[in-house]
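Have the viewer open while you read.

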Amino acid sequence: MSDAAANWIWVSAAIAVIAGLGIYGIVARRNLFRMLMGFTMLTKAVTLAFVYGGAYWMNPGLGQSLAIIIIVIEAAVTAVGMSMIVNIYRHYGAVDTSQIKRLRG
C-alpha cells in the first residue's frame, strides 16, 4: 500500500470520528451551547475533508480556498448562534431546550 493510500485511510477515519462527535453533540444534547459546539465540530470535519481532498486530487489551492470560505461562514454562524444563546439565556434563564417552553410556535 502506498503512502497516499495509507494517509487517505487515516484522514478519512479522522474526518469520520470528528463528524460523528459533531453529530452526536447536535442530536444527543439538549444544551444549546453544546449543540452549537457540535455544529462547529461538524464543520471542522468538512473543512478537513476539503483540505485533504484538494491535496489528494493534486489541487491544494482549491481545497484551501474552499476551507477559508467555510471557516469564514462558520465564524459568522457561530457568532450569530452565540448571540442567540446569550439572548435566550437572558430572557428565559436557561439554555436547556427542555426548559424553554415559550419557544414553541
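What joins the side chains of E74 and T43?

## A polar contact

The side chains of E74 and T43 are joined by a polar contact of 3.2 Å. For a polar contact, read a pair of N or O atoms within 3.5 Å; within protein, one must be able to donate a hydrogen and the other to accept it, and residues adjacent in sequence count only if both atoms are side-chain atoms. E74 sits in helix α3 and is buried, at 6% relative accessible area. (Buried is under 20%, exposed over 50%, partly exposed in between, with a 1.4 Å probe and protein chains only.)

## What you're looking at

This is a predicted model: local features need pLDDT of at least 70, side-chain atom pairs count only at pLDDT 80 or more, and totals for chains, interfaces and linings use all residues. Numbering runs from 1 along each chain as its sequence is written, and side-chain values use heavy atoms, with hydrogens and water left out.

The largest nonpolar core has six residues: L32, L36, I85, I88, V95 and I100. Helices α2 (32-56) and α3 (60-92) are the elements that give it two or more residues. Helices here are DSSP runs (H or I, at least four residues), numbered from the N terminus. A core, in turn, is a set of buried Ala, Val, Leu, Ile, Met, Phe, Trp, Tyr and Cys residues joined through side-chain atoms within 4.5 Å.

There's also a second, separate core of five residues, including V11, A19, A45 and Y52.

## The aromatic cluster

Searching the whole structure turns up four aromatic pairs. Rings of Phe, Tyr and Trp (its six-membered ring) pair if their centres lie within 6.5 Å; planes under 30 degrees apart count as stacked, over 60 as edge-to-face and the rest as tilted. One of the four is W8 with Y52, whose ring centres are 5.5 Å apart with planes at 25°, so this pair is stacked. It links distant parts of the chain, with W8 in helix α1 (residues 3-27) and Y52 in helix α2, 44 residues apart. W8 is partly exposed at 36% relative accessibility, while Y52 is buried at 18%.

Y56 and W57 make an edge-to-face pair, 5.3 Å centre to centre with 85° between the planes. Y56, in helix α2, is partly exposed at 35%, and W57 is exposed at 68%. Put together, W8, Y52, Y56 and W57 form one aromatic cluster.
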